[in-house]
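Here are a few exercises to work through with the model open beside you. Have a go at each one before reading its solution.

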Amino acid sequence: MAAGRSAARPAGGPAGGRPAGALSAVADRAVRFAVAFGATRVAHGQLRRRPPGNPASWQRTNHAGRTMHTQAGAAVAFGAAFAALPGTPAVLATAAGAVCGRHDDLRGDERRGFRAHLTALRDGEVTSGAVKLLGIGAAGLAAGALLRERPLDKFLAGVVVAGTAHLVNLVDVRPGRAGLLVLGLGAPWLLRGPLAAVPMGAAAAVLADDLAERTMLGDMGAHALGAALGTAVAAAGGRFALAVHSTGLVAAAAYGERVSELARASLPAPALTRVGDPGR
């Protein structure tokens with residue numbers, strides 16, 4: 001027998017390092033998921049007992065006309081940001097999504113779609129939708145610049161971060177849809193990096209309450225979760241993956257824009273606040 005094959009490699013050797021490394025990677029993901037889940041649950045409980053500011057500002061009407069509390073949105077934003085520490089891009093994007101989303105929860109009106117908000121901005125009116133579009137877009141580009149080295153990769157990563165934030169918010173029109181989307185989209189990216197476990201843990205922490213219509217994420221929670229998920233994708237994906245993801249996000253945004261235009265054209269004004277309302 002050749003000398004190089006005369007003995008099996010020990011478990012701790014080069015080959016044995018792979019199982020150990022894989023185990024460590026699984027543990028890292030599990031810890032991040034657990035931290036995000038636990039931090040979100042604790043924050044949600046505290047926020048339910050003691051809502052910051054005016055308690056009425058944390059209430060919204062859902063798709064069925066029920067009054068819901070939205071502290072879950074602040075809770076998932078906190079849980080995701082806390083579990084992402086010390087990752088500056090993820091914390092930056094999550095915080096920006098939460099702040100801009102909260103502004104829309106408080107100041108939003110019946111206008112839907114990018115075109116409506118950009119038209120208002122052109123006319124000198126800064127709508128809450130424009131704040132979200134510009135604020136989350138800028139934060140996404142900043143996060144992308146921190147995550148990647150090449151200019152094209154920075155741009156694509158920024159589009160992924162901001163676009164995913166808007167995508168999660170776009171689907172949050174019925175109970176549990178945003179959380180289920182985050183879990184579904186995040187699961188494959190767990191194979192590429194640990195950051196996907198962060199928004200998944202935060203989303204899972206409030207999913208049962210969301211599905212049972214005991215709470216809702218609002219724009220604050222949906223944008224925060226989407227930004228955190230987008231950061232995970234931007235951090236782990238190669239250029240081709242980022243390009244494909246960006247293309248899909250642009251297509252989803254175009255579809256959402258079309259739905260918003262059809263809703264504005266076909267429904268009476270009082271009904272517009274219920275159609276495409278990201279906060280349900």
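The exercises below go from the overall fold to aromatic rings and then to a surface patch.

A note on the ground rules: this is a predicted model, where local features need pLDDT of at least 70, side-chain atom pairs count only at pLDDT 80 or more, and totals for chains, interfaces and linings use all residues. Residues are numbered from 1 along each chain as its sequence is written, and side-chain values use heavy atoms, with hydrogens and water left out.

**Exercise 1.** Work out how many helices and strands the protein chain has, and in which order they run.

*Solution.* Start by counting: there are 10 helices and two strands. Helices (H or I, at least four residues) and strands (E, at least two) are DSSP runs, numbered from the N terminus. Next, read off the order from the N terminus, which is α-β-β-α-α-α-α-α-α-α-α-α. Finally, check burial: 46% of the 280 residues count as buried (buried is under 20% relative accessible area, exposed over 50%, partly exposed in between, with a 1.4 Å probe and protein chains only).

**Exercise 2.** Find the aromatic pairs and say how their rings are arranged.

*Solution.* Rings of Phe, Tyr and Trp (its six-membered ring) pair if their centres lie within 6.5 Å; planes under 30 degrees apart count as stacked, over 60 as edge-to-face and the rest as tilted. That gives two pairs. Take Phe33 and Phe37: with 6.4 Å centre to centre and 20° between the planes, they are stacked. Both sit in helix H1 (residues 17-49), four residues apart, about one turn of the helix. Now go to Phe78 and Phe82: their centres are 5.8 Å apart and their planes at 20°, so this pair is stacked. These two are four residues apart in helix H2 (residues 71-84), so about one helical turn separates them.

**Exercise 3.** Which residues form the nonpolar patch on the surface, and which elements give two or more residues to it?

*Solution.* H1 and H2 are the elements giving two or more residues. To check some members, note that Val35 has 32% relative accessibility, Phe78 has 42% and Phe82 has 43%.
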